[in-house]
Amino acid sequence: MLNVVPGLGATAGKSIALHMDVDMIAFTGSGAVGKLLMQYSGQSNLKRVSLELGGKSPQIIFADCPDLNAAAVQAAWNIFFNQGEVCTAASRLLVQEDIADAFTESLLRAARKVSPGDPLEPRTNFGAMVSKAQMNTALRYIHTAKTEGNALKLGGNQTRVDTGGFYVEPTVFADVSPEHTLAREEVFGPVLAVTKFKTADDAFRMANDTVYGLAAGLWTKDLTLAHQAARKLRAGLVWINGWDSCDITMPFGGFKQSGFGRDRSLHALHKYADLKSVSITI
């Protein structure tokens, strides 16, 4: 078995995957490389592949959210943490119409406190992106969102250019339609798409309308609605009244093109094991 680190290139991935003495690959990274590893597996010894790939994770704010201010602060950090370069980043924010305008204002107040800075400074809570290429990817998505008519509410530019670092401002777009690029494709950067919804069924439909299925979350004080959402959301991780609130005992992994196989918990051991049946006739 081989654990493959994120950032693996296609050429290196092919070299590893074609080795006949490798029985399994556990890969964390992009969907494009994950698909290649599956192809290479079939070309070699049919080695197993476990994939933890990307996401376009929705966070749903219902009108009865128990703490709108806390939800707004978390909604900001759930996308801007680590400059948005997190597979479970809450990059889609679905807000019920009754509270959408007021909640978006609270979100923007929280987001304005996220200031890009030198990552070597202890006070910095938002640093540079990992590479120039990834910065340009984020800027390209921002440009696309503007051309598609999404309402830019915050950020949208490269910043701290004089430092030579790859900084992108925390960026928020409102009135993002589910059909728009920003609602469908993973940016892997600090760009948030805010979309309004009317009913719970609308929210579930929008949340599931994606090729990904890694994480999802919701805020409500209605326990019945929370259980209904947990059943209907097509995601390997569902968080209620919080985000990323799990530990080593809980399985981690996704549905659909977010991959398959689980990390953490006892379930993670299953992907490394083969089952053998032994029958003795006396």
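Here are some numbered notes on this predicted model, going from the sheet to the helices and then to a few single residues.

1. **Ground rules.** Because this is a predicted model, local features need pLDDT of at least 70 and side-chain atom pairs count only at pLDDT 80 or more, while totals for chains, interfaces and linings use all residues. Residues are numbered from 1 along each chain as its sequence is written, and side-chain values use heavy atoms, with hydrogens and water left out.

2. **The seven-stranded sheet.** Start with the open sheet, whose seven strands come in the order β6-β9-β10-β5-β4-β12-β13, with mixed pairing. Strands here are DSSP runs of E with at least two residues, helices are runs of H or I with at least four, and both are numbered from the N terminus. Two strands pair if DSSP finds at least two bridges between them.

3. **Edges and twist.** Which strands stand at the edges? They are β6 (151–154) and β13, and each has a single partner strand, so one side of each is left without a neighbour in the sheet. From one strand to the next, the twist averages 20 degrees. Axes are lines fitted to C-alpha atoms, for helices over the stretch in contact, and angles run from 0 to 180 degrees between N-to-C directions.

4. **The β13 end.** Strand β12 (residues 215–219) runs parallel to β13, and four bridges join the two. To get from β12 to β13 the chain passes through helix α7 (residues 223–232), making a right-handed β-α-β crossover. Right-handed means that, with the strands pointing away from the viewer, the path from the first strand over the helix to the second runs clockwise. Strand β13 itself (residues 237–240) has Leu-237 and Trp-239 on a covered face, with Val-238 and Ile-240 on an uncovered one.

5. **The β6 end.** Lys-153 sits in strand β6 and is partly exposed, at 42% relative accessible area. For reference, buried means under 20% relative accessible area, exposed over 50%, and partly exposed in between (1.4 Å probe, protein chains only). Which residues does Lys-153 touch, leaving aside its neighbours within four places in sequence? They are Leu-108, Val-172 and Ala-174, where contact means heavy atoms within 4.5 Å. Ala-174 is 21 residues from Lys-153 in sequence, and their C-alpha atoms are 6.6 Å apart. Next, strand β9 (residues 171–174) runs parallel to strand β10 (residues 191–197) and is joined to it by three bridges; Thr-171 stands opposite Val-191 in β10.

6. **Another parallel pair.** Strand β2 (residues 24–28) and strand β3 (residues 48–52) pair in the parallel sense over five bridges. Ile-25 has Val-49 as its bridge partner in β3. With helix α2 (residues 31–43), the two strands make a right-handed β-α-β unit. Is β2 mostly covered or uncovered? Mostly covered: four of its five residues are buried.

7. **Helices α3 and α4.** The axes of α3 and α4 come within 8 Å and cross at roughly 55 degrees. That makes α3 oblique to α4; angles under 35 degrees count as roughly parallel, over 145 as roughly antiparallel, 65 to 115 as roughly perpendicular and the rest as oblique. The crossing is right-handed, a word used when the near helix is turned clockwise from the far one by less than a right angle (anticlockwise is left-handed). Residues that meet here include Leu-68, Ala-71 and Phe-80 in α3 and Phe-103, Ser-106 and Leu-107 in α4. Ser-106 is buried, at 17% relative accessibility, and is 8.2 Å from Leu-68, C-alpha to C-alpha, though 38 residues away in sequence.

8. **Helices α6 and α7.** The axes of helix α6 (residues 200–208) and α7 come within 11 Å and cross at roughly 30 degrees. That makes the two helices roughly parallel. Among the residues in contact are Phe-204 of α6 and Leu-225 of α7.

9. **Two residues with positive phi.** Most residues other than glycine have a negative phi. Asn-82 has a positive phi of about 60 degrees although it is not a glycine, and it is found in the loop between α3 (68–80) and β5 (92–96). Asp-244 also has a positive phi of about 60 degrees without being a glycine, in the loop between β13 and β14 (255–256). Asn-82 is partly exposed at 36%, and Asp-244 is partly exposed at 44%.
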